[in-house]
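Please look at the sequence and the structure first.

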Amino acid sequence: MTAISHVRDQMNGFDHRPALPHAATGGPAREDVMPLHDVGTPQFEDNTDGVLVTYAVAGIDAAFAILVRRHRPLMRCCALRLIGSGAEADDVVQESCVTAWQKLSTLHDGRCLKSWLMRVVLGL
């Protein structure tokens with residue numbers, strides 16, 4: 001069982017205790033991961049992209065919202081340079097966020113999130 005499926009199983013069973021990935025799964029180290037019951041607290045935003053990607057893939061919407069808030073300005077800048085129109089760039093960013101949410105589980109290394117998001121914006 002992977003760490004992500006373990007988190008999903010716990011969430012579906014209403015067990016909100018933290019489910020921390022271990023070294024064998026290639027997940028974040030124990031000290032880098034905030035317990036799930038702390039989701040929504042200000043400290044949750046201090047997690048790295050890799051940790052937030054793990055939580056977002058596990059279905060924690062708040063983690064993905066933090067990632068979008070963190071990277072949306074760069075995504076918009078990239079789209080604006082590509083398109084030239086502010087309104088159209090906003091549309092591209094919105095569509096890119098939806099695509100990123102749907103395909104986030106295909107990202108193998110959460111530390112590469114920024115470059116992966118730029119490829120999503122560019123439609124690659």
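**Helix packing and core**

Helices H3 and H5 pack with their axes 10 Å apart, at an angle of about 40 degrees. Axes are lines fitted to C-alpha atoms, for helices over the stretch in contact, and angles run from 0 to 180 degrees between N-to-C directions. Helices (H or I, at least four residues) are DSSP runs, numbered from the N terminus. The model is predicted: local features need pLDDT of at least 70, side-chain atom pairs count only at pLDDT 80 or more, and totals for chains, interfaces and linings use all residues. Residues are numbered from 1 along each chain as its sequence is written, and side-chain values use heavy atoms, with hydrogens and water left out.

**H3 with H5**

- H3 and H5 are therefore oblique to each other (angles under 35 degrees count as roughly parallel, over 145 as roughly antiparallel, 65 to 115 as roughly perpendicular and the rest as oblique).
- Their crossing is right-handed (the near helix is turned clockwise from the far one by less than a right angle).
- H3 contributes Leu-67, His-71, Leu-74, Met-75, Cys-78, Ala-79 and Leu-82 to the contact, and H5 contributes Leu-113, Lys-114, Leu-117, Met-118, Val-121 and Leu-122; contact means heavy atoms within 4.5 Å.
- The residues of this contact of H3 with H5 comprise 11 nonpolar, one polar and one charged (Ala, Val, Leu, Ile, Met, Phe, Trp, Tyr, Cys and Pro count as nonpolar, Asp, Glu, Lys and Arg as charged, and the others, Gly among them, as polar).

**H3 with H4**

- The axes of H3 (residues 61-83) and H4 (residues 86-103) come within 8 Å and cross at roughly 140 degrees.
- That angle makes H3 oblique to H4.
- H3 passes H4 in a right-handed crossing.
- In the contact of H3 with H4, 12 residues are nonpolar, three polar and five charged.

**The largest nonpolar core**

- This core has 28 residues, among which Val-53, Ala-63, Met-75, Leu-104, Leu-113, Trp-116 and Leu-117 touch the most other members; a nonpolar core is a set of buried Ala, Val, Leu, Ile, Met, Phe, Trp, Tyr and Cys residues joined through side-chain atoms within 4.5 Å.
- H3 gives the largest share of this core, eight residues.
- Ala-63 touches Phe-44, Leu-52, Tyr-55 and Ala-56, not counting residues up to four places away in sequence.

**Ser-96**

- Ser-96 lies in helix H4 and is buried, with a relative accessible area of 4% (buried means under 20% relative accessible area, with a 1.4 Å probe and protein chains only).
- Ser-96 touches Met-75, Val-120 and Val-121, not counting residues up to four places away in sequence.

Definitions and conventions:
Helix = DSSP H or I, 4+ residues; strand = E, 2+ residues; numbered from the N terminus. Buried < 20%, exposed > 50% of the residue type's maximum accessible area, 1.4 Å probe, protein only.
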